[in-house]
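Subject: Structure handover and notes

Dear colleague,

Please find below the structure I promised to pass on. My notes on it follow, with the cut-offs given where each term comes up.

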Amino acid sequence: MRNFILVVSGPSGVGKSTLLSKLFTEFKEELYFSISSTTRSPREGEINGKHYFFVTQQEFEQGIENEEFLEWAKVHKNYYGTSLKQTQNALEKGKIVVFDIDVQGFNIVKEKLKDKIVSVFIMTPNKEELKKRLIKRNTDTMEDLEKRLENARDEMKELFKYDYLIVNDDLERSYEALKSILIAQKIKTKRQNLEQIQILWNKGE
């Protein structure tokens with residue numbers, strides 16, 4: 001199978017991490033999660049090398065200079081970026097690579113990798129629901145909360161660029177939608193080695 005990159009985007013707080021966690025539980029042998037590097041401080045429970053690679057601003061800027069990132073962006077005064085080398089290695093090993101990146105990162109990756117990308121945008125039913133979820137998460141100051149809502153409004157303007165849209169108003173239904181997208185992409189003809197399939201089929205004559 002010609003492997004691809006599944007890009008998942010959406011405002012902070014829409015449930016991307018929960019949905020991807022369920023996807024990796026079911027398809028863990030086939031998927032590789034691209035772990036982003038960031039200059040922000042770890043939140044409670046976050047582990048370096050599992051949730052993010054936590055680096056200094058100097059280390060990140062050195063990586064930019066050395067062209068080590070497939071994409072990078074500055075969000076809420078912190079840098080976030082995706083390692084080019086890790087992505088290439090995972091694809092060569094036959095993995096489907098999963099990115100959880102923002103709209104800025106998606107635009108860069110889409111331009112660089114084009115038809116290797118399958119993109120999904122995840123959103124809440126409305127702005128008020130997003131605000132409730134962010135408040136419930138209780139990880140932001142009021143200033144940070146307002147900034148996230150402002151960024152969410154900007155991200156919503158980019159919906160038309162994505163292949164699929166999931167409104168996460170019901171976790172199980174949203175997960176089934178995400179799972180269906182993954183399965184459908186795996187069996188697309190352009191992902192298959194059709195010549196080899198034909199040769200193997202004809203051997204049965």
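**The mixed sheet**

Glutamate 71 stands opposite threonine 82 in β6, strands here being DSSP runs of E of at least two residues and helices runs of H or I of at least four residues, both numbered from the N terminus. Please note that this is a predicted model, in which local features need pLDDT of at least 70 and side-chain atom pairs count only at pLDDT 80 or more, while totals for chains, interfaces and linings use all residues. Residues are numbered from 1 along each chain as its sequence is written, and side-chain values use heavy atoms, with hydrogens and water left out.

β5 and β6 pair in the antiparallel sense over 6 bridges, where two strands count as paired if DSSP finds at least two bridges between them. They belong to an open sheet of 4 strands in the order β4-β3-β6-β5, with mixed pairing. β4 and β5 (69-75) stand at its edges with a single partner strand each, so one side of each has no neighbour in the sheet. Helix α3 (residues 84-92) lies across β4, β5 and β6 and runs at about 30° to β6; axes are lines fitted to C-alpha atoms, for helices over the stretch in contact (heavy atoms within 4.5 Å), and angles run from 0 to 180 degrees between N-to-C directions.

**The parallel sheet**

A further open sheet has 5 strands in the order β2-β7-β1-β8-β9, with parallel pairing, and its edge strands β2 (31-33) and β9 (164-167) each pair on one side only. The twist averages 25° from one strand to the next. Strand β8 (residues 117-123) is joined to β9 by 4 bridges, and phenylalanine 121 stands opposite leucine 165 in β9. Helix α7 (residues 171-186) packs on this sheet, touching β2, β7 (96-100), β8 and β9, and its direction makes about 160° with that of β9.

**Glutamate 46**

Glutamate 46 is found in the loop between β3 (37-38) and β4 (53-54). Its side chain makes a polar contact of 2.9 Å with that of arginine 40, a polar contact being a pair of N or O atoms within 3.5 Å which, within protein, must include one able to donate a hydrogen and another able to accept it, and for which residues adjacent in sequence count only if both atoms are side-chain atoms. A polar atom of the glutamate 46 side chain also lies 2.7 Å from the backbone nitrogen of arginine 43.

Best regards
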